[in-house]
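Okay, thanks for making time, everyone.

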Amino acid sequence: MALNAAREAIEQAVAERQAQLESAELDRALTEESVDITLPGERLRRGRLHPITQIRREVEDIFVGLGYEVVDGNEVETVEYIFDKLNMPEGHVTRSPLHTYYLNGDVVLRTETSASQVRTMEAKPPPVYMVSLGRVYRRDTPDPKRYPIFHQVEGLAVDKGITLADLKGTLQLLLRRLFGEEREVRIRTSFFPFTEPSVEADVSCFICNQAGCRVCEYEGWIEVGGAGMVDPNVFEAVGYDPEEVSGFAFGWGLERIFMLRHGLPDIRMLWQNDIRLLEQF
Ligand code: DAH
């Protein structure tokens with residue numbers, strides 16, 4: 001009996017002390033750890049998309065709005081798809097290892113997005129309305145206008161009765177969306193192995209509105225990129241009948257579009273990732 005009484009006394013003392021310590025800890029926490037929720041918080045800096053990603057999405061949206069499909073191409077291509085099936089003759093300068101990065105035998109880093117045309121047409125019968133955007137690689141020394149990696153948008157429309165007028169109208173819509181609804185489009189003859197006829201497209205100068213300025217070099221027009229009617233040899237390479245269908249294609253640099261639109265003087269700035277530049281867009 002004596003031992004039980006002693007045990008109870010000890011247990012009670014322990015319980016009392018424990019309750020005391022817990023309430024003291026609670027008092028301390030309530031006074032010391034209180035948070036003033038009215039103080040301003042630490043703002044998280046919000047990131048943004050790189051300007052080239054923004055342009056890329058803008059161009060994709062324009063073509064999705066026209067009913068085009070957006071197709072992924074391969075950044076690593078074979079000589080067959082990037083040169084042979086695009087009707088590039090043996091000895092064409094772009095086949096040279098001084099111009100193109102050869103990875104292994106006839107495997108290269110693509111120099112242009114045009115192989116996506118061939119792969120899309122091989123994968124399905126006409127009609128085709130597609131754009132394909134992504135990186136391309138050339139063995140260029142960086143300078144204000146060139147960088148060994150850049151981005152292109154490739155476009156291809158194949159159907160019955162497509163004409164140069166459809167090409168011009170489509171490019172006009174694209175250029176008006178990019179550079180303003182008042183813009184005019186001009187096409188000039190040019191040459192690419194995979195189009196016949198080939199053209200270069202110009203947009204009326206959006207700086208001076210054709211009055212003449214340094215940006216358009218007092219021409220009133222600014223060159224944006226190549227285009228043309230798909231060469232019958234390309235249709236034959238993919239198993240389309242050039243007597244049945246016709247089509248147009250174009251391939252433009254996204255960096256060039258961005259630099260023109262925003263007056264960026266040097267393409268290398270887009271690769272330096274200087275926050276002071278990037279956060280302006
Ligand atoms: N692939 C050409 C280049 O990189 C651009 C180009 C021109 C693409 C005409 C086309 C086209 O699809 O029809 O210089």
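I'll go through the cores, then a pocket, the cysteines and a tyrosine.

Quick housekeeping: this is a predicted model, so local features need pLDDT of at least 70, side-chain atom pairs count only at pLDDT 80 or more, and totals for chains, interfaces and linings use all residues. Residues are numbered from 1 along each chain as its sequence is written, and side-chain values use heavy atoms, with hydrogens and water left out.

Cores, then. By nonpolar core I mean a set of buried Ala, Val, Leu, Ile, Met, Phe, Trp, Tyr and Cys residues joined through side-chain atoms within 4.5 Å. Buried is under 20% relative accessible area, exposed is over 50%, and partly exposed is in between, with a 1.4 Å probe and protein chains only. The largest core has 43 residues, and Val59, Phe179, Phe250 and Trp252 touch the most other members. Helix α5, residues 164-179, gives the largest share of this core, 6 residues. Helices here are DSSP runs of H or I, at least four residues, and strands are runs of E, at least two, numbered from the N terminus.

A second, separate core has 23 residues, including Val79, Ile82, Met130 and Val158.

Back to tryptophan 252: leaving out residues up to four places away in sequence, its contacts include His151, Leu171, Leu174, Leu175 and Ile257. Contact means heavy atoms within 4.5 Å.

Next, the second largest pocket, with about 180 Å³ of space. Among its lining residues are Arg45, Arg46, Arg48 and Glu279.

Now, how many disulfides does a search of the whole structure find? The search comes back with 0, taking a disulfide as a pair of cysteine sulfur atoms within 2.5 Å.

Last stop, tyrosine 101, in the loop between α3 (79-82) and β3 (102-104). From tyrosine 101 to valine 76 is 25 residues in sequence and 10.0 Å in space, C-alpha to C-alpha.

That's it from me.

Methods. On a 1 Å grid over the protein atoms alone, a cavity is a set of points where a 1.4 Å probe fits but cannot get out, and a pocket is an open set with protein on both sides within 12 Å along at least five of seven lines; lining residues have an atom within 4 Å of a point. Grid points are joined across faces, edges and corners, and a volume is the space filled by probe spheres set on the points.
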